[in-house]
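Please keep the sequence and the three-dimensional view at hand while reading.

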Amino acid sequence: MDTPMDIPAARRALATEAVHAGRDDLARQGLHAAPIDLSTTYPSYDSRGEAARIDAFAATGAEPDGPPVYARLGNPTVARFETALARLEGTEAAVAFASGMAALSAVLLVRASLGLRHVVAVRPLYGCSDHLLTAGLLGSEVTWTDPAGVADALRPDTGLVMVESPANPTLAETDLRALAHACGSVPLLVDNTFATPVLQRPVEQGARLVLHSATKYLGGHGDVMAGVVACDEEFAGRLRQVRFATGGVLHPLAGYLLLRGLSTLPVRVRAASENAAELARRLAADPRVAAVHYPRIGGAMVAFETHGDPHDVIGGVRLITPAVSLGSVDTLIQHPASISHRIVDADDRRGAGVSDRLLRMSVGLEDVDDLWADLDGALGQGPAEHATAGAGHRTGPGV
Ligand SMILES: *Cc1c(COP(=O)(O)O)cnc(C)c1O
């Protein structure tokens with residue numbers, strides 16, 4: 001029988017992995033959709049064998065062979081998502097958590113457990129990631145620097161270097177290969193939430209850890225909260241041990257939704273990126289707009305600054321949803337200084353390039369002319385001499 005499973009895994013393209021990875025055993029089981037296993041515990045009449053499996057997990061963090069013992073230790077539905085994401089990112093393993101912040105917390109705890117509490121990080125980061133490091137909530141100490149300053153900021157107790165590229169919310173990009181080189185033997189964590197493995201695979205450029213808020217593009221429909229770290233099997237083992245001990249597990253239903261989300265990730269990201277690139281072009285040509293930020297690698301996020309009051313744009317959209325978060329099939333817009341990055345000290349925020357006029361838009365799959373009509377209306381008349389003929393004509397639901 002000629003099935004995609006007959007092609008060696010290493011030679012499958014991303015689009016093929018997206019719909020087949022984590023599902024290789026289904027046909028043999030007589031299934032097509034992945035089953036959802038909601039068990040919290042699993043029967044075993046062999047407690048000697050169970051003891052040996054728990055010992056093995058305690059030693060390496062490797063996933064126990066055979067059925068799971070307890071849902072905090074592992075779940076087969078979540079494991080499918082982890083397998084699939086690891087394939088997409090080109091890593092040996094991936095470990096899923098209840099949210100992106102739970103995933104980052106687990107990474108920090110793994111390093112802190114080795115006495116490596118110092119983190120070198122590049123701003124901007126997602127507001128709560130910045131807050132977690134700055135406030136030292138998990139006992140870490142952070143040195144903020146730019147990519148060129150990373151090598152000099154490293155100390156004997158540095159356990160992690162962290163960067164986002166493109167960064168939330170400015171879409172600033174970092175040369176990951178050069179940064180990985182500057183890190184030496186210290187693990188580089190790249191938050192790849194904005195790029196997704198469709199546009200960028202940080203491990204190929206020397207990163208050791210790839211973090212996702214899976215709440216965003218991986219889930220892709222605004223209805224599942226999750227986080228995941230893609231990495232080598234050794235680090236994954238430590239992450240599983242921390243997850244087991246601290247409990248930030250992903251629910252199996254979320255694991256199912258994420259596996260389903262991955263299957264359309266490449267088409268969603270490409271289609272939304274086309275829309276975003278077109279909107280970035282139109283915004284850049286618009287006299288009511290002071291600056292537009294759109295990454296060289298592309299993507300579905302656009303940031304821009306208006307000459308007018310950004311709060312008026314938020315109040316003026318009708319088709320686009322004014323809401324924090326990103327990566328869904330529909331378009332969202334928010335004001336980082338008020339919401340996603342509010343928790344960051346105002347001077348630190350501005351110093352990282354997050355101006356009080358910046359708006360961040362996550363572009364979805366709507367028709368691009370409908371999106372533009374909504375933005376055009378929300379931008380209003382702008383400065384009087386810049387009033388455009390298009391202002392005021394809006395389409396879409398809710399108008
Ligand atoms: C949203 C986000 C996070 C946090 O993820 P949650 O799933 O909300 O916990 C981390 N990094 C980036 C870049 C994000 O956008």
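The sections below describe the sheets, a helix pair, a loop and the ligand site.

The model is predicted. One of its sheets is open and consists of seven strands in the order β1-β7-β6-β5-β4-β2-β3, with mixed pairing. Its edges are formed by β1 (93-97) and β3 (141-145), each of which pairs on one side only. On average, and with direction ignored, neighbouring strands of this sheet are turned by 20 degrees against each other.

Within this sheet, β4 (residues 158-164) and β5 (residues 188-191) run parallel and are joined by four bridges. Met 162 has Leu 189 of β5 as its bridge partner. Helix α3 (residues 76-89) packs on the sheet, where it touches β1, β6 (209-213) and β7 (227-231). The direction of α3 makes about 130 degrees with that of β1. Helix α7 (residues 176-183) also packs on the sheet, touching β4 and β5, and its direction makes about 150 degrees with that of β5.

## The five-stranded sheet

Another open sheet has five strands, ordered β8-β9-β12-β11-β10, and its pairing is mixed. Strands β8 (289-293) and β10 (321-322) stand at the edges; each has a single partner strand, so one side of each lacks a neighbour in the sheet. Strands β11 (residues 332-334) and β12 (residues 358-362) pair in the antiparallel sense over three bridges. Leu 332 has Ser 362 in β12 as its bridge partner.

Helix α11 (residues 265-284) packs on this sheet and touches β8, β9 (301-306) and β12. Its direction makes about 15 degrees with that of β9. Helix α14 (residues 368-379) packs on the sheet as well, touching β8, β9, β11 and β12, and its direction makes about 25 degrees with that of β9.

## A pair of packed helices

Two packed helices are described by the angle between their axes and the distance between the axes. For α2 (residues 47-60) and α9 (residues 233-246), the angle is about 115 degrees and the axes are 8 Å apart. Phe 57, Ala 58, Ala 59 and Thr 60 in α2 meet Gly 237, Arg 238, Arg 240, Gln 241 and Phe 244 in α9. The residues of this contact divide into four nonpolar, three polar and two charged.

## The loop between β4 and α7

Most residues other than glycine have a negative phi, and most peptide bonds are trans. In this loop, Pro 166 is joined to Ser 165 by a cis peptide bond with omega of about -10 degrees. Pro 169 lies in the loop between β4 and α7 too, and the peptide bond from Asn 168 to Pro 169 is cis, with omega near 10 degrees. Leu 171, also placed in the loop, is not a glycine but has a positive phi of about 70 degrees.

## The ligand site

There are 15 residues around the ligand, and those that come nearest are Met 101, Asp 191, Ser 213, Thr 215 and Lys 216. The shell divides into six nonpolar, six polar and three charged residues.

A polar side-chain atom of Asp 191 lies 2.6 Å from a nitrogen atom of the ligand. A polar side-chain atom of Asn 168 lies 3.1 Å from a ligand oxygen atom, and a backbone N or O atom of Gly 100 lies 2.9 Å from an oxygen atom of the ligand. Taken alone, the ligand exposes 380 Å², of which the protein buries 94%.

Key: Residues are numbered from 1 along each chain as its sequence is written. This is a predicted model: local features need pLDDT of at least 70, side-chain atom pairs count only at pLDDT 80 or more; totals for chains, interfaces and linings use all residues. Side-chain values use heavy atoms; hydrogens and water are left out. A residue is near a molecule or strand if one of its heavy atoms lies within 4 Å of it. A polar contact is a pair of N or O atoms within 3.5 Å; within protein, one must be able to donate a hydrogen and the other to accept it, and residues adjacent in sequence count only if both atoms are side-chain atoms. Accessible areas come from the Shrake-Rupley method with a 1.4 Å probe; for residues, only the protein chains shown count as cover. Ala, Val, Leu, Ile, Met, Phe, Trp, Tyr, Cys and Pro count as nonpolar, Asp, Glu, Lys and Arg as charged, and the others, Gly among them, as polar. Two strands pair if DSSP finds at least two bridges between them. Helices (H or I, at least four residues) and strands (E, at least two) are DSSP runs, numbered from the N terminus. Contact means heavy atoms within 4.5 Å. Axes are lines fitted to C-alpha atoms, for helices over the stretch in contact, and angles run from 0 to 180 degrees between N-to-C directions.
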